[in-house]
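Here's a friendly walk through one protein model, for anyone meeting it for the first time. Have a look at the picture, then read on.

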Amino acid sequence: MVQLGISAFYHDSAACIVVNGKVIAAAEEERFTQTKHDSSFPVNAIAFSLSKAGIEDINDIDEVCWYERPEDKEKRVLKMFNRHWFKTFFLRRKFKKEFKLNDPKYLLTHHFNYEGKIKYLPHHVSHAAFSYYTSKYKDAGILTVDGVGEEQTITISKGTGKNITLLKEINFPNSLGMYYSAMTSFLGFKPNEGEYKVMGLAAWGDHTKFLHKLGQVFIDVPGGFKIDLKFFPWEYTDQIMFNKRLSRILQLPNRLPEDELTQEHKDLAATVQFLYQVYFLKLVKITKELTQSENLCLSGGCAYNGVANGKAYTYFKSIHVPFAPSDAGSAIGACLYSNNKVRKNNTSPFLGPSYGNERIEQAIRYHTNDIKVYRLREDKLLKRVAEIIHSGRIVSWFQGAMEFGARALGNRSILATPLDGNMTKKLNAIIKKREGFRPFAPSIIEEEAGTYFDMKEPSPYMSLVVPVKTKELKAITHVNNSARVQTVNKNFNPRYYKLLKQMKAVSGHPVVLNTSFNLKDQVITMEPERALQRFLSSEMDALVMDNFLILKK
């Protein structure tokens with residue numbers, strides 16, 4: 001069974017190829033177009049996935065799996081429009097036009113001459129399947145939380161063996177994801193992108209300052225919650241996420257992107273995160289009661305909230321968050337759900353483009369006048385890189401196949417020492433050119449993670465924020481003494497694991513600071529040419545591409 005999975009038109013468009021239950025290739029469209037969170041039809045990602053799988057004719061595949069059901073989504077949107085007929089007059093026309101242009105069957109025929117059928121899977125089923133079928137569990141509670149799918153915003157399911165059974169759902173407009181995105185916008189950050197910033201900013205604030213005021217947007221009901229829509233115009237506009245009433249109850253004007261970040265904004269961010277956690281944990285508890293499982297699978301865009309994820313251990317012994325829980329991963333989830341007869345090991349996120357020495361050497365030749373190049377054996381290379389990092393210099397690290405998902409997991413990374421307390425400021429201000437309050441993540445070899453971090457189990461995809469147990473890792477320890485940890489074992493990424501072992505030999509600690517290989521407002525680096533361009537246009541000190549160590553002249 002050969003499947004093509006696709007997600008598109010909201011954010012993080014992506015495509016994948018799955019063969020007999022094994023993910024062969026997957027990529028997000030943004031990596032090809034250089035448009036962050038690109039939501040367009042993933043023409044480039046589809047072409048790449050077909051090519052990597054060795055499929056010359058798209059009609060040789062057995063089925064196309066689409067990550068949601070467009071007709072169900074259309075019904076929900078039109079029902080919403082009918083409740084606000086006058087306010088949505090122009091929006092209705094825009095939606096109908098875009099819905100027609102975004103017909104998956106038409107686009108696959110237009111771009112690839114596809115003649116077969118398309119299988120449409122429910123949005124939250126795709127989320128649930130991606131998390132459950134990439135986990136090690138044969139029994140698990142499954143909680144999916146995002147903005148909105150067709151109509152569902154939250155689902156609770158039970159995974160048993162090869163089957164997933166829906167037990168509970170919460171529908172739009174009652175949405176934890178929309179709440180968090182609306183407050184992201186209120187704080188002056190871009191929705192569907194700036195939520196990470198709110199989570200990082202929250203650690204600098206006092207959640208009690210706005211708790212009584214912001215708490216008014218939630219209405220407690222048995223088995224969940226409701227959102228008080230007098231503060232949010234989600235039902236009749238896709239341009240505005242909150243109204244003036246929200247400013248009135250908070251007694252605070254919404255922040256514009258260029259405005260200074262005050263202590264009030266930090267306190268509000270802390271309250272936003274706190275309330276999210278309150279209702280998220282309410283859902284986690286319900287999941288436990290309904291499923292009676294010891295294991296929890298999380299998915300949906302909200303599963304990137306590592307601070308909240310870690311608190312779910314209150315009810316579950318083991319937690320699995322897949323490497324791309326947002327809509328991108330649902331392209332894979334749709335395929336795995338459609339053909340769940342055989343569960344394969346799909347734990348590797350390294351599913352994107354990779355480049356051989358010939359392509360790398362070609363890119364190097366173009367910049368001969370600007371760089372010094374050393375080709376080293378792996379052992380010498382890793383020792384030298386560890387020494388460079390420990391000396392306080394910054395290394396861009398480009399290896400193997402590109403990661404699938406929003407996290408740099410050791411193949412497209414910027415690496416630095418975790419021991420220098422000034423490194424956080426240097427990376428934020430000089431390299432990434434981003435807000436100074438944002439923390440950086442550590443990578444550590446799995447077997448020593450418990451020495452440095454208060455962890456209950458490995459976290460290979462940076463899915464959990466946990467307490468730091470030592471004062472030595474100053475550059476990766478956030479203001480509240482936490483870190484979003486990536487654990488690395490020798491099978492997950494052998495070369496990256498060996499580098500971390502070399503870091504221990506050089507510094508005494510098997511840890512490195514790891515952030516994504518990109519600069520301000522850029523997507524993660526994909527190809528060698530762009531890696532060299534970004535290295536040369538930044539203050540990074542060294543670039544490693546496979547066995548090549550590259551320095552600036």
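## Salt bridges

The count of salt bridges here comes to 21. Keep in mind that this is a predicted model. Let's take a few of these pairs in turn.

Start with glutamate 193 and lysine 36, which form a salt bridge whose closest N and O atoms are 3.6 Å apart. This pair links distant parts of the chain: glutamate 193 sits in the loop between helix 7 (176-186) and helix 8, while lysine 36 sits in the loop between helix 1 (30-33) and helix 2 (43-52), 157 residues apart. Glutamate 193 is buried, at a relative accessible area of 18%, whereas lysine 36 is partly exposed, at 31%.

Next up is glutamate 151, which forms a salt bridge with lysine 79; here the closest N and O atoms are 3.2 Å apart. Again the pair links distant parts of the chain, with glutamate 151 in the loop between strand 6 (139-145) and strand 7 (152-160) and lysine 79 in helix 3, 72 residues apart. Glutamate 151 is partly exposed, with 28% relative accessible area, and lysine 79 counts as partly exposed at 42%.

Then there's the salt bridge where the side chains of aspartate 220 and lysine 282 meet, at 3.6 Å from N to O. Aspartate 220 lies in strand 9 and lysine 282 in helix 11 (residues 263-291), so this pair ties together parts that are 62 residues apart in sequence. Aspartate 220 counts as exposed, because its relative accessibility of 53% is over the 50% cut-off. Lysine 282 comes in at 24% and counts as partly exposed.

Glu28, Glu30 and Arg31 are linked in a network of them.

## The hairpin

Strand 9 turns up again here. Strand 9 (residues 218-221) and strand 10 (residues 224-227) run antiparallel, and four bridges join them. Valine 221 has glycine 224 in strand 10 as its bridge partner.

What sits between the strands of this hairpin? There are two residues between strand 9 and strand 10, and in this hairpin glycine 223 takes a positive phi near 80°.

## Patches on the surface

Which residues gather in a patch of negative charge on the surface? They are Glu56, Asp57, Asp60 and Glu115. Glutamate 115 belongs to the loop between helix 5 (104-112) and strand 5 (118-120). With a relative accessible area of 68%, glutamate 115 is exposed.

There's a nonpolar patch too: Trp85, Phe86, Phe89 and Phe90 make a surface patch of about 540 Å². Tryptophan 85 is found in the loop between helix 3 (70-83) and helix 4 (89-101). Tryptophan 85 is partly exposed, with a relative accessible area of 49%.

## A buried glutamate

Is glutamate 195 buried or exposed? Its relative accessible area is 18%, and buried means under 20%, so glutamate 195 is buried. You'll find glutamate 195 in helix 8 (residues 195-202).

Key:
Residues numbered from 1 in each chain as written. Predicted model: local features only at pLDDT ≥ 70, side-chain atom pairs only at ≥ 80, totals over all residues. Heavy atoms only, no water. Patch = residues over 30% accessible without salt bridge, like charges linked within 9 Å, V, L, I, M, F, W, Y side chains within 5 Å. Areas by Shrake-Rupley, 256 points an atom, 1.4 Å probe, with all protein chains shown as cover. Salt bridge = Lys/Arg side-chain N within 4 Å of Asp/Glu carboxyl O. Lys, Arg positive; Asp, Glu negative; His and termini not counted. Charge placed at Lys NZ, Arg CZ, Asp CG, Glu CD. Buried < 20%, exposed > 50% of the residue type's maximum accessible area, 1.4 Å probe, protein only. Pairing = 2+ DSSP bridges.
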